[in-house]
Amino acid sequence: MTATTSSASHLAPYRVAVAGASGRMGRMLIEAIRASDDCVLTGALDIPASPSIGSDATAFLGYASGVPITADLQAGLKNADVLIDFTRPEGTLAHLQVCAQLGVKAVVGTTGFTAAQKSEMTALAGQTAIVFAPNMSVGVNVTFKLLQMAAKAMPTGYDIEIIEAHHRHKVDAPSGTALKMGEVIAEALGRDLKDCAVYAREGVTGERDPSSIGFATIRGGDIVGDHTVLFAGTGERIEITHKSSSRTTYAQGSLRAVRFVCTQGQSTGMFDMFDVLGLN
């Protein structure tokens, strides 16, 4: 991906701010930063209405970090090298505006962006370096690579269906990971996902269009995240599945992205987990 070069090198520890600091993912990220050897928490952001505003960001771990949770973006980001953001599209874009102003890099795992919002984020990547991926799990990103290989090897004769399951609290569907899987497969086949995706089937639908990529969504309980891609041919089918049992994988992948974006020598540009993992 395109970027401009910075001559500044980086010395650990990496100074990290976390958005959505009192949420499930925010706390998982803070715990991972606390446990790491080369990262330190320097900022914690949350919405003004959060009851956690003003409290210590690591209080839930029984440890005082001296980093208060704040809704003041300038205050929360001023000491950071990089922001990790798994919030909502509108909030993420507001955070990235301030990151661009302050020269803070960003690792974005937020899902649910519209095409216009993605364009806005790409524009902001002209001012600061951003790693954006709908799923920061190392295993999921290796799965993306396997799907790319499978699609290229089986361009015809196989119907492709993507099935995903998540917990009852997830607000967007299909998941960002499922959509990314569809995008990876469509690109490998020379198609545009928006032209071939089928998100719902009901009633008399007629025969399946062989060029379509179907999506099925399940929501329930506390499922962290399950994704299966089915390549169904005549006489055989291939299923490529990834299952998450803990959000720890997202947190550890995010820290790998922090290390990459702070050390790869680029001050601006848009990157993804294939860049982080050397899979491009």
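Colleague: What volume does the largest pocket have?

Modeller: About 1000 Å³. Bear in mind that this is a predicted model.

Colleague: How many residues line the largest pocket, and which lie nearest its centre?

Modeller: The lining has 40 residues. R24, M25, F86, T87 and R88 lie nearest the centre.

Colleague: Which helices supply at least two residues each of that lining?

Modeller: α1, α3 (89-102) and α6 (176-188) each do.

Colleague: And what is the lining by class?

Modeller: For the largest pocket, 14 nonpolar, 20 polar and six charged residues.

Colleague: What about the second largest pocket, what is its volume?

Modeller: About 700 Å³. Its lining has 28 residues. Nearest the centre are F113, K118, F132, L179 and E183.

Colleague: Which elements supply at least two residues each there?

Modeller: α4 (115-124), α6, α7 (193-196) and β13 (266-271).

Colleague: How many nonpolar, polar and charged residues line the second largest pocket?

Modeller: 14 nonpolar, seven polar and seven charged.

Colleague: Switching to the sheet. In what order do the five strands of the open sheet come?

Modeller: β9-β10-β8-β11-β12, with mixed pairing.

Colleague: How many bridges join β8 to β10, and which way do the two run, parallel or antiparallel?

Modeller: Seven bridges, and the strands run parallel. β8 covers residues 159-166 and β10 covers 213-219.

Colleague: Which residue of β10 does E161 stand opposite?

Modeller: G214.

Colleague: On to charges. How many salt bridges are there in the whole structure?

Modeller: The search finds 10. One of them pairs D38 with R259, at 2.7 Å from N to O. That pair links distant parts of the chain, 221 residues apart. D38 sits in the loop between α1 (24-35) and β3 (39-45), and R259 is in helix α8 (residues 248-263).

Colleague: Which residue does R208 form a salt bridge with?

Modeller: D159, with the closest N and O atoms 3.3 Å apart. R208 lies in the loop between β9 and β10, while D159 is in strand β8, so the pair ties together parts 49 residues apart in sequence. Both ends are partly exposed: R208 has a relative accessible area of 27%, and D159 has 29%.

Colleague: Which residues are linked in a network of salt bridges?

Modeller: D159, E161, R201 and R208. E161 is the residue standing opposite G214 in β10.

Colleague: And K170 with D172, are they buried or exposed?

Modeller: Both are buried. Their salt bridge has its closest N and O atoms 3.1 Å apart.

Colleague: Last one. Where is T58 found?

Modeller: In the loop between β3 and β4 (69-70). T58 is buried, with a relative accessible area of 2%.

Colleague: What lies 2.6 Å from a polar atom of the T58 side chain?

Modeller: The backbone oxygen of Y63.

Definitions and conventions: Residues numbered from 1 in each chain as written. Predicted model: local features only at pLDDT ≥ 70, side-chain atom pairs only at ≥ 80, totals over all residues. Heavy atoms only, no water. Pairing = 2+ DSSP bridges. Helix = DSSP H or I, 4+ residues; strand = E, 2+ residues; numbered from the N terminus. Salt bridge = Lys/Arg side-chain N within 4 Å of Asp/Glu carboxyl O. Buried < 20%, exposed > 50% of the residue type's maximum accessible area, 1.4 Å probe, protein only. 1 Å grid on protein atoms, 1.4 Å probe; cavity = no way out; pocket = protein on both sides within 12 Å on 5 of 7 lines; lining within 4 Å. Points joined across faces, edges and corners; volume = space filled by probe spheres on them. Nonpolar A, V, L, I, M, F, W, Y, C, P; charged D, E, K, R; others polar. Polar contact = N/O pair within 3.5 Å; in protein donor to acceptor, adjacent residues only side chain to side chain.
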